[in-house]
Amino acid sequence: MDKTLAIEMVGITKTFGTKVIANKNVNFDLREGEILSLLGENGSGKTTLMNMIAGIYTPDSGKIYVRGEEVVIKSPIDAFDHHIGMIHQHFKLVDLFTAADNIILGERIHYQDDNTEDAAKQNAFARFFVHLGEHLKFSWLRRNRAKDLQAIVDQYGFGIDLSRKIYDMSVSEKQTVEIIKVLYRGADILILDEPTAVLTPQEIDKLFAVLRKMRDEGKSIIIITHKLNEVMAISDRVAVLRKGEHIATVETATTNEKELTDMMVGQKIDLNIDRELPVNPKPRLFIKDMTVVNKEGRTMVDHVSFEINGGEILGVAGISGNGQKELLEGIAGLQPMAEGEIIFHNPKEDKPVTLYHHDVKKIRDMAAEGYFHYPNGVKVDLKGKTNKEIVQLVKDEQIIFYEDEIINLKDKTPREIQELGIKLSFVPEDRLNMGLVGSMSIVDNMMLRSYRKGKGIFLNRKRPKKLANDIIEDLEVVTPSDQTPVRRLSGGNVQKVLVGREISSSPKVLMTAYPVRGLDINSSYTIYNLLNLQKAKSVAVLYVGEDLDVLLALCDRILVLCGGRVSGVVDARNITKEEIGFLMTKVPDEVELYRYKPLEETKEDTDDDE
Amino acid sequence: MMSNKHVKEPLMHLTRRLNVSKKYAWAIRIGAFVLSILVCCIVSCILSPRVNFGFFFKYLFNGAFGTTNLVMALFREMAVILLLALAVTPCFQMRYWNIGGEGQTMMGAFGCALIVAYTAGKMPAWGTILLSFAVGVAFATVWAVIPALFKAKWNTNETLLTLMFNYIAVCLGAFLIKKVAPIGTGILNFSTGTLAAAGVNDFLIIFLIAVLFTVLMFVYMRYSKHGYEVMVVGESPNTARYIGINTKKVIIRTLVLCGVMCGVVGFLLVSVKDASFLSDNVMQSTVAGRGFTAVLISWLAHFNPWAMALTAFLVVFITRGANNVGNYARLGNSYASMMVGIFFFFIIATEFFINFKINFRSREEVTREPDDLADSEPIEAKQEEGDDND
């Protein structure tokens, strides 16, 4: 261990308010020329700790040493002065600029630059402007600036053209630009915040190759991740954080995934999620040839067809941005569909019609088409009956559906869907941006879907208040009161509020997008249990997830999306992670579409749950 | 290891306060008000040798509360500004930045004036009054709804459009006055066909309408379904879409409401005795910047009608009081605006002290008082911090 330390952090504590202790007395070090993985679950304080090195936050207490010298890093510029560069999870690039311009953006200009001098020597005119610029602390952009940068790019073998604009680039290219940016500024300590979250396996391999090359040239690298296989593949050492505390730093070669998991999660947690076989799954929602084109004209969902059954959880897997969001929003009526149909089977078989969603005229029309029968099995004929008589029959529950009601949801707005009596619940990805109103109280958020009910122009807050308190109690939402704005709640509690509301309407279809993103293990399990309960009530549950282990353990079938297309619908009980991973990156020539075969499924072996 | 190099510690850093207690917030606000008056006083003393502390406060209070008439005029003016602030409040709650209250009121006033000019004396006084009221409201509503239609249909920027509509309204008004009275001073005076001419107590009617609208607006925003929709559209347009609120409809409906209220004020400005001119008239500058003041008041009061009433009162108090001080100290016309500016400066600064906390840190002990509540938006706070470190 004779390597010197690039960074040493001693006794670092950072709190947000009184309740959230992001880091507690953390001691952490990074050696020169190593790749160190910072491992921890969501919310364990990894990013906060790194942000203190990068100058985004200031620690409440503790000391930071860079190459043995105590420093105070007040801003990202300070960090750069210490040759520290951070690549954030959300890229900080100007879309309209070229990659090269993004890289030199914010750079301090060195007037001793030979090229400039050369140019200035050539004629008095240019010299005048260069000196004027110097004088005004204003500098000119050289026309061939992109070319100069290409040298750094070639040094590390990044295959990227820096004269392209950012908006034309893929996620992995943007990430490359970010990396080049920090290298260009002379950083030799690099921090990468979850760099692999947005990449395909091939891109991850490429990134790792680049990182290894940089290490061999003497750079020190910290990579934040919560994926164990990546930790084992890339790092020399692993530092584990749990709930803001530093648990241990170990040599990667001397440890294994199991040991790391134990350190990361603390006590052993039963990773098995209960999964029952679907009971009598019946198709509830048919998606046929659905195509969604976004505002920029890109086809996000490309002729997708599948069906969801009542009583099953259908997982949706795919690298983020491959059409998951557009698919769900399309079904919910929030995105216009360019093509395709959504057919909903309202489970009404042998149930009486109500006046809640059907007026008398519609009931007459439907009766004429032979939709209804009387309790004694005779077909309903309403000819010659007055409206009053019909209303009475409906109220006495004498008019009964023969079959499920079939409704086409194409081109219906969310409100029309609601008014048709289709109980479709949707837990969107970005909870506070869509689904909840951050500044409103829990009670007011409860009535978002139901406030129109009741006559009169005034709101009735009685029911929402009761619902809010039921959810706070049943789902153990931690909140000062039911009047607290939801924005003040932690991520898990926000999610409980939203999921609680969405299932309170006893939906027939429940769509959830990344419902456990950012939640701790306990909150995640609360959500899994809620979804399983819905499944048991023969709700058709659609679960869009990113963690393949969870998808494999929770879902009955998994729909895999790749580039907006279906690359397979598979049986979650008989597939491996690797197979799904493969489908996520490539649409096979022959797409498998797994469906239930009602008789055989009881014979299926239930023991292969993971 | 410690180097002997001087390590710079940040002198202070800011943290965002979250659960700000009402007591604390009000203490800060009252403190700021007192401080602003004191600064006004000190500035006045520096500006003129005539002014000293006693002089300043004497004429300040005399100007606002000196006689019964002055008190009534103060409340009348406050009521007008309050009504305008109430009118734009639902728009702001919806994050629709309608800064065209001035122009909308102006159009209301001109609509009303046109009817009075052409029908006064030709039909019963009450007929003229009702008709002028209806036309005034209609003019103002149209003026408010046009930018809203643009916003709903093409998502144009409402701030610019409503601002420009103010100037169009003023010019249109001047043109209309010239049409009605080609020769004259640009002021139309009315002797019949107005509420004032019908002998209605100007103070009473304006004040009652203001009280009524304040209560109604409070109830509308807090307890009605419409108000709830306005909040959702403003706070989270995506959530509004998600629950199927027709955003366009809500925008237009809210702007109709705003236009109607501005129209009522326009009608009052024409038809009721005006505080400053003591006669019922209309001219190019009838609204006199009240529409803009109202925008600021609505904003400063965080869209709370009761707080708006208080803020409107304070602004009018300072304006009228400072005018009086300026008259006696011969400080000129702009003096009062300067005092109001100082007042606004202080009140706006309170927002900073209410929302942020400055933590000084000593080099030796790093004690840290935890701030009020968990889970902050640290990035935002940090950006502010960056500015402050220098």
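Predicted model: local features only at pLDDT ≥ 70, side-chain atom pairs only at ≥ 80, totals over all residues.
Colleague: Then how many residues of S22(A) are buried?
Modeller: Five of the seven residues in S22(A) are buried, so by that cut-off the strand is mostly covered.

Colleague: Which sheet does S22 of chain A belong to?
Modeller: An open sheet of six strands with mixed pairing, in the order S18-S19-S20-S13-S21-S22 (chain A).

Colleague: Which strands stand at the edges?
Modeller: Strand S18 (424-427) and strand S22 (565-571) of chain A. Each has a single partner strand, so one side of each is left without a neighbour in the sheet. From one strand to the next, the twist averages 15°.

Colleague: How do S21(A) and S22(A) pair?
Modeller: In the antiparallel sense, over six bridges. One of the pairs puts A:Cys562 with A:Arg565 of S22(A) as its bridge partner.

Colleague: What lies between those two strands?
Modeller: S21(A) and S22(A) form a hairpin with two residues between the strands, and A:Gly563 takes a positive phi near 60° there.

Colleague: And S19 with S20 in chain A, parallel or antiparallel?
Modeller: Parallel: strand S19 (residues 509-513) and strand S20 (residues 540-544) of chain A are joined by five bridges. A:Thr512 stands opposite A:Tyr543 in S20(A).

Colleague: Which helix lies across S19(A)?
Modeller: Helix H11 (residues 324-331) of chain A, which runs at about 150° to S19(A). H11 also lies across S13 (313-317), S18, S20 and S21 (557-562) of chain A. Helix H20 (residues 577-585) of chain A packs on the sheet too, where H20 touches S13, S21 and S22 of chain A. The direction of H20 makes about 35° with that of S21(A).

Colleague: Changing topic: how do H17 and H18 of chain A cross?
Modeller: The axes of helix H17 (residues 491-504) and helix H18 (residues 521-536) of chain A cross at roughly 10° and come within 10 Å. Angles under 35 degrees count as roughly parallel, and H17(A) and H18(A) are therefore roughly parallel to each other.

Colleague: Which residues meet there?
Modeller: Among them are A:Val499 and A:Ile503 in H17(A), and A:Ile527 and A:Leu530 in H18(A). The residues of this contact divide into four nonpolar, five polar and one charged.

Colleague: Last one: how far apart are the C-alpha centres of domain 2 and domain 3 of chain A?
Modeller: They lie 34 Å apart. In the domain assignment, domain 2 is 282-347 + 408-423 + 506-610 of chain A and domain 3 is 348-403.

Key. Residues numbered from 1 in each chain as written. Chains lettered and ligands numbered in written order. Pairing = 2+ DSSP bridges. Helix = DSSP H or I, 4+ residues; strand = E, 2+ residues; numbered from the N terminus. Axes fitted to C-alpha atoms, helices over the stretch in contact; angles between N-to-C directions. Contact = placed C-beta atoms within 7 Å. Parallel < 35°, antiparallel > 145°, perpendicular 65-115°, else oblique. Nonpolar A, V, L, I, M, F, W, Y, C, P; charged D, E, K, R; others polar. Domains from an automatic or database assignment. Buried ≥ 20, exposed ≤ 12 C-beta atoms within 10 Å, placed from the backbone.
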